[in-house]
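I opened the model to look up how the chains pack against one another. My entries follow in the order I made them.

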Amino acid sequence: MDFATIAGIISGIALIFLAIVQGGAVDGFINVQGVLIVIGGTFASTLVSSPLKDIIQHMKTVKVAFKNTKNEPEEIIAILVGFAEKARREGLLALEAEAEQVDDEFLKKGVQLVVDGTDPELVRSILDIELTFLEERHKEGQGLFEHLGAMAPAFGMIGTLIGLINMLQVLDNPDAIGPGMAVALTTTFYGSLMANLIFIPIAKKLKTRSSAEILTKEVMIEGILSIQAGENPRIVEEKMKAFLAPKSRDQVESIRRGGVNIGG
Amino acid sequence: MDFATIAGIISGIALIFLAIVQGGAVDGFINVQGVLIVIGGTFASTLVSSPLKDIIQHMKTVKVAFKNTKNEPEEIIAILVGFAEKARREGLLALEAEAEQVDDEFLKKGVQLVVDGTDPELVRSILDIELTFLEERHKEGQGLFEHLGAMAPAFGMIGTLIGLINMLQVLDNPDAIGPGMAVALTTTFYGSLMANLIFIPIAKKLKTRSSAEILTKEVMIEGILSIQAGENPRIVEEKMKAFLAPKSRDQVESIRRGGVNIGG
Amino acid sequence: MDFATIAGIISGIALIFLAIVQGGAVDGFINVQGVLIVIGGTFASTLVSSPLKDIIQHMKTVKVAFKNTKNEPEEIIAILVGFAEKARREGLLALEAEAEQVDDEFLKKGVQLVVDGTDPELVRSILDIELTFLEERHKEGQGLFEHLGAMAPAFGMIGTLIGLINMLQVLDNPDAIGPGMAVALTTTFYGSLMANLIFIPIAKKLKTRSSAEILTKEVMIEGILSIQAGENPRIVEEKMKAFLAPKSRDQVESIRRGGVNIGG
Amino acid sequence: MDFATIAGIISGIALIFLAIVQGGAVDGFINVQGVLIVIGGTFASTLVSSPLKDIIQHMKTVKVAFKNTKNEPEEIIAILVGFAEKARREGLLALEAEAEQVDDEFLKKGVQLVVDGTDPELVRSILDIELTFLEERHKEGQGLFEHLGAMAPAFGMIGTLIGLINMLQVLDNPDAIGPGMAVALTTTFYGSLMANLIFIPIAKKLKTRSSAEILTKEVMIEGILSIQAGENPRIVEEKMKAFLAPKSRDQVESIRRGGVNIGG
Amino acid sequence: MDFATIAGIISGIALIFLAIVQGGAVDGFINVQGVLIVIGGTFASTLVSSPLKDIIQHMKTVKVAFKNTKNEPEEIIAILVGFAEKARREGLLALEAEAEQVDDEFLKKGVQLVVDGTDPELVRSILDIELTFLEERHKEGQGLFEHLGAMAPAFGMIGTLIGLINMLQVLDNPDAIGPGMAVALTTTFYGSLMANLIFIPIAKKLKTRSSAEILTKEVMIEGILSIQAGENPRIVEEKMKAFLAPKSRDQVESIRRGGVNIGG
């Protein structure tokens, strides 16, 4: 599980909660109807913008995105360099057995295409299309959270307007102004907190995660095509290491030495 | 009919209505003149930005967009793989009869071009131009709703300014301040609600719908050209499945088996 | 004349005016100095951003843009298909006489280049450059109105700040607060109304108009080059119809039949 | 000197000043400390964002940008057509003497490269790189003014917050509220005025200027390469006129006739 | 160390501090709990958006970015022209010794690839991939500061809402309104100041720094490939000088003359 996200949300809520408790008047922050307006309105607006089926599917994508990915680029490069060496020594067909043991569906498919003797142009075309649409699906997931992040404060403000209009109509008792306005402001508070602590940062995290996954897949395509072209394993390694930050490059070497069982 | 959009709008309005009823002072939220300012102003501004003819046409596009599309990409792929097999066995001319039975105008046109022996370059060029302008027309429809979504809160605020200026001029009676400000705020409330519950989410939905339709059309172009090139039906299938989410890929198989009557 | 724009502006102003009259206190909305601050400030800011010569030229562009264009894409396609047939029967030189009768300067120039036997690459290059810079000039016109649309509310707010600072300094008489604040708010009202009813929608209209004109010109380039390449008139027609919405395609046929005098 | 910018700033300030004087309470708008907060804060923030050396250099770029450019595209085209004719009659080497008399460094360099017999690919590559980085440097200058335009209102608001916090702490004397709030609002007024009358429009002007200069340079590259390719001077003229607005095209002819001394 | 950034932050804080001290009521600006809400909330939100490991790594990138870079483009060009001359006289292999002495890892790698006789296409491909991902990593660092710059004011406003709700609930004592609101506003003040004086300008500086580093690397790629292609050292110099502002070009000459020990 991705610990940081949960730690961030919990610590943020705890912090805000402590600040409220210290202020003394915790009751004033509880407004059940206000919670309904903000959450209900945000959800209704999201339902207008995407079919329920898609919302559920995006939520699943998100869940997957928050799992820790096992295949870091460093590992993938180690595997691919191993494949390159094997292919050099024993031919492309020898990769069939290796491909079976690979976890990643994308890499497995790519190697399978190479083993099947598919034309290199077609291999790149198939894998590129797959990558483009993976990116597209990821963007839709981010778009959902960006929409939530824009709608929560909007419905927070709508809730505050409802509260203010209610309060202002019965302005005969001046003592009621303060508490009435306090209640009205709670929905803006809820909406802002949800957007800035949960929705907007999750949208940002999905974007980073998506970039990382796409980087890994681009490394795979480059590697698979180099192997198919019969390039020298050292060149394959050099080319693929260019995708990494300088400090990650040495890890490839150590993974390869330690991880003989993965790549060959 | 696309149920989610209507369900979202109705549930959102119901939720807000309940919140108002519970506040007790329903009358304060009814401001007929305010409704006129927000809706009238938003419409007038839209009329300045696009000729009436275009507004009506975009509204029709929207209606079409909310119908449930029959041709999902999975189905289209099943049909195209069927075509690829038939073309392999009986030649491209055999597709003429098949094309007659296809609902989708775009696919029918593409297959017809292939049957007519049009040059592949020209087939791609004609279908690409058609797709580009379909996208353009969809963007104009989205643009209309984005404009509505920006103008509704703006005219809501203009209505509130009118209400405030009216109220502030006759500030001799302090008892009138509250209700006067309440009335002034209703237009901001109307504008925000329309924008965030209706216009902005519909613009977003049109965008998603448009992407999906364009994906389907891209699948068609790729498939039509593969068939014209005489590619192996298995490769055609593989190539086109790359456009789908992994979980949708198995559906192609089941559609093909169940739907012999569609593709041949 | 483009009726919708004027109808939109007039109906929007009438609507707001009625709302003010019904509020009773029309005098409070008249603030001559405020009008000067908003219009003068917006104009001064625009003068800083573009030389007066350019502002005047853009205003002329706008005037042209609001005239109803005579050459719809459907008509242009009918003309070009007529040209394609003539060129097939009588050779490219036969188009010289036809080109003379064409209103549109861009089309006339393109056909003239073809008649002169210019290299196809060069024809495309010259027409593409011309189109790129037409788009550039259109964008500058839009940019002017977008700037006006951003500056009007900004100077509206500056006017309100001036009014508030003036009023707050002499807060000894509580009866003056209300009217003083009312006057201060009028400039925000003016700025918002100008931006949202006039400047922003006109910027949007210019964008739509520009897209439409560029589409027509792209149709022309495609058609001219197809004619020069000696393509079959039926193919030329098919290719160019791909630029149109499905419902506009049948109009080409009827124009061609009715309009023999245009294209032949 | 570029008169419009200075006229715009002076007329804008005069207008605002008149509005303040008419309000009677000029003193309330003078807040020396507030000016320091807005200008000092904006400058400090800019210093964080760019090294002082760059800020000074960008300011110089701006000064240059506000000078009236001598080489309008029309003139450059006239010069280049003259070069094309000379090169046709007397060969490319004859351009060496002409190039000496050209003011523009970019054009001089391009012609020099051609005279030196540099490979056309390399000529285009060198001039394109130069143009790209010219654009880059211009964008940095715009970026500086956009940053100033965003920071001035931000520090205006920070100044207002400081004023409000100061005032609200000592709320025992109700008579002090008004003037205190008036003083607090002045910084927002300063920040808005600086941003909307000076920084934002200057950023916009730099953008327009940069586009115009880049257009002129693109005309030069196109012309230089056409001359090197030995194209017909009439074609060179036609090609380059495509970069101009229709109404500017006739000027090329009159410049060429009047300006024999420039181009040959 | 990059002096300007620190000078900007310190002078900005000093300026604001002086303004507060002059206002007299320094105590009112100290709100420890408010500082916790703004900094804690901003940090919690950032933790949700990126794993802690990445945040730490980006902070390191930032530290590196603020060090003064030693390799200015002018120097790099001088070194590369020296290499070009050496390669012309003594062959590409002679560059091996030179490459050893180069500080910059990217340049060293590029030259090493050339010395190894790698195919030019592959050299460009490896260096381009490396550059793309360098840019990507830089963008993530900027993205972190942009997120901080957006979240600080958001949590400032959330803190103000908490303060207002607290205060409004106990509105029985009118004397408490002012100080309560003052305390509530401090968090908005903190958030705005952090965003506009620190986070937003640092994000901007990182962007400028990144562009400069990428420019230097592009110069290197162009130079390395020109050397590999055996181009004339004078052409290499001309080509690479096109990357510089005109006034920086003369420096190359003086560096080359003074810096014989660097390039050869």
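**Interface of chain D and chain C**

I looked for salt bridges across the interface of chain D and chain C, and the rule finds one. The rule asks for a side-chain nitrogen of Lys or Arg within 4 Å of a carboxyl oxygen of Asp or Glu. The pair is C:Lys109 and D:Glu238, with the closest N and O atoms 3.8 Å apart.

Before going on I noted the ground rules: this is a predicted model, where local features need pLDDT of at least 70 and side-chain atom pairs count only at pLDDT 80 or more, while totals for chains, interfaces and linings use all residues. Residues are numbered from 1 along each chain as its sequence is written, chains are lettered from A and ligands numbered from 1 in the order in which they are written, and side-chain values use heavy atoms, with hydrogens and water left out.

Next I counted polar contacts between chain D and chain C and got four residue pairs, both residues at pLDDT 80 or more. A polar contact is a pair of N or O atoms within 3.5 Å; within protein, one must be able to donate a hydrogen and the other to accept it, and residues adjacent in sequence count only if both atoms are side-chain atoms.

Which elements of chain D give two or more residues to the side that touches chain C? I found helix 1, helix 8 (177-228), helix 9 (233-241) and helix 10 (246-258). Helices here are DSSP runs (H or I, at least four residues), numbered from the N terminus. Helix 8 of chain D gives the most, with 22 residues. By class, this side of chain D has 28 nonpolar, 14 polar and eight charged residues. Asp, Glu, Lys and Arg count as charged; Ala, Val, Leu, Ile, Met, Phe, Trp, Tyr, Cys and Pro count as nonpolar; the others, Gly among them, are polar.

For extent, I noted 50 residues of chain D in contact with 40 residues of chain C, contact being heavy atoms within 4.5 Å. The buried area is about 3700 Å², and carbon and sulfur atoms give 72% of it. That area is what two parts lose in accessible area (1.4 Å probe) on being put together, summed over both.

**Interface of chain D and chain E**

I then turned to chain E. Here 41 residues come from chain D and 51 residues from chain E. The two chains bury about 3700 Å² between them, 72% of it on carbon and sulfur atoms. On the chain D side, D:Val48, D:Phe133 and D:Ile165 lose the most area, together 17% of what that side buries.

I counted two salt bridges between chain D and chain E. One of them joins the side chains of D:Asp116 and E:Arg234 (3.9 Å, N to O). Helix 2 (32-49), helix 6 (105-115) and helix 7 (120-169) of chain D each supply at least two residues to the side touching chain E. Helix 7 gives the most, with 23 residues. The residues on this side of chain D are 24 nonpolar, 12 polar and five charged.

I superposed chain D on chain E: a rotation of 72 degrees with 0.0 Å of shift along its axis does it (RMSD 0.0 Å). That is the relation of a five-fold axis.

No contact joins chain B and chain E, whose closest C-alpha atoms lie 17 Å apart. Chain C and chain E do not touch either; their nearest C-alpha atoms are 17 Å apart.

Notes
Least-squares fit on C-alpha atoms with pLDDT ≥ 70 in both.
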